[in-house]
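Colleague: I have not looked at this one before, so could you walk me through it slowly?
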Amino acid sequence: MLQLKTLVTDKVEEAAGLLAAGQLVIFPTETVYGLGADATNPEAVSRIFWAKQRPADNPLIVHIWDYAQVEQLAHSVPDYARALMDEFFPGPLTILLPKTAAIPAITTAGSDKVCLRMPSLPLALALLKAAGRPIAAPSANISGRPSPTRWQDCLEDMEGRVAAILTGPEASHGLESTIVDCSGPRPILLRPGAITLEQLTLVAPGIGVVRPGQGGPVTPGMKYRHYAPQARVLLLPPGELPVTSIENTAYIGLTPPAFKPTYSLIASSPEDYARQLFAFFRECDRRGLSFIYAEPIAPTGLGRALMNRLYKAMGE
């Protein structure tokens, strides 16, 4: 494909018109910035895989703005899935359901199931409604790199690859959505995110969890190395010293480190840690740093999603 001239705009109708015409548009959500295309248009969806250099067997999340679209795009919706949607839509939750013929195979990487999400950011909902069609949208970065949480980050990877970037606020969560498989007799947590397992359990008490190596449906963020900066990421518990030279080294965590890194970020809470993680990774790349030390936290609540992203960035 030829390189595109990327329009940077704050006009929803302009961006929506490009989506409706089959073009790629980056847009903000509360999780990360998404790389959007008409989910029902195979040619438009194919541009996502080209722009991201994304493997064709890695399915896409389809974004909707209205509950009625669930019935159009999916079938066999169990009661527990409706309860989860009632509680967490719109928001950072993605549900996996059997798809209808409205969604082409390329969008789901050949699967008979589709991932559906209704973002909570009003600007994202306005764009989806104005475009008038469901929008497939993975994170707006080259595959494997840290997801973008600011529109400026998207330019680093996607300028010349997309028709437009709809500018908006910095992502308030900073981690991709929670994914729950709702295609079977009970829900299964496939990817942790801002909606925690503890919150899900209150609505769906029988929810299970896919463990590493356990298998299950292939959904975004599960099969390949993700979220990785160019620097090598290593975990460093509080009070411990690095196993490498401290030159050209970064640190991120809740507790000040026991050494003086070249660049550091001390987060005020797990939520702050999660929100800033990917932007921190990208800044480390801009500075050309070699090692990033990250403080591990307990894998409960939001810590489960944060540690998932750190392990993925480490290649595990």
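Modeller: Two strands are said to pair if DSSP finds at least two bridges between them, and helices (H or I, at least four residues) and strands (E, at least two) are DSSP runs, numbered from the N terminus. This is a predicted model, in which local features need pLDDT of at least 70, side-chain atom pairs count only at pLDDT 80 or more, and totals for chains, interfaces and linings use all residues. Residues are numbered from 1 along each chain as its sequence is written, and side-chain values use heavy atoms, with hydrogens and water left out.

Colleague: Okay, what is the order of the strands in the open sheet?
Modeller: The 11 strands follow the order β1-β8-β2-β3-β7-β4-β6-β5-β9-β10-β11, and their pairing is mixed. At the edges stand β1 (7–9) and β11 (208–209), and because each has a single partner strand, one side of each is left without a neighbour in the sheet.

Colleague: And β6, how many of its residues are buried?
Modeller: Buried means under 20% relative accessible area, with exposed over 50% and partly exposed in between, using a 1.4 Å probe and protein chains only. In β6 (residues 113–117), 4 of the 5 residues are buried, so the strand is largely enclosed by the rest of the structure.

Colleague: Which way does β6 pair with β4 and β5?
Modeller: With β4 (residues 61–63) the pairing is parallel over 3 bridges, and V62 has L116 as its bridge partner in β6. With β5 the pairing is antiparallel over 5 bridges, and there L96 stands opposite C115 of β6.

Colleague: Switching topic, where does P134 lie?
Modeller: P134 is in the loop between α5 (122–131) and β7 (135–136), and P134 is buried, with a relative accessible area of 9%. Counting contact as heavy atoms within 4.5 Å, and leaving out residues up to four places away in sequence, P134 touches several residues, including D38, V62 and W65. P134 and D38 are 96 residues apart in sequence, yet 6.2 Å apart in space, C-alpha to C-alpha.

Colleague: What about the largest nonpolar core, how many residues has it?
Modeller: A nonpolar core is a set of buried Ala, Val, Leu, Ile, Met, Phe, Trp, Tyr and Cys residues joined through side-chain atoms within 4.5 Å. The largest one has 46 residues, and among those with the most contacts inside it are L84, L116 and L200. A second, separate core of 27 residues includes Y273, L277, C284 and A294.
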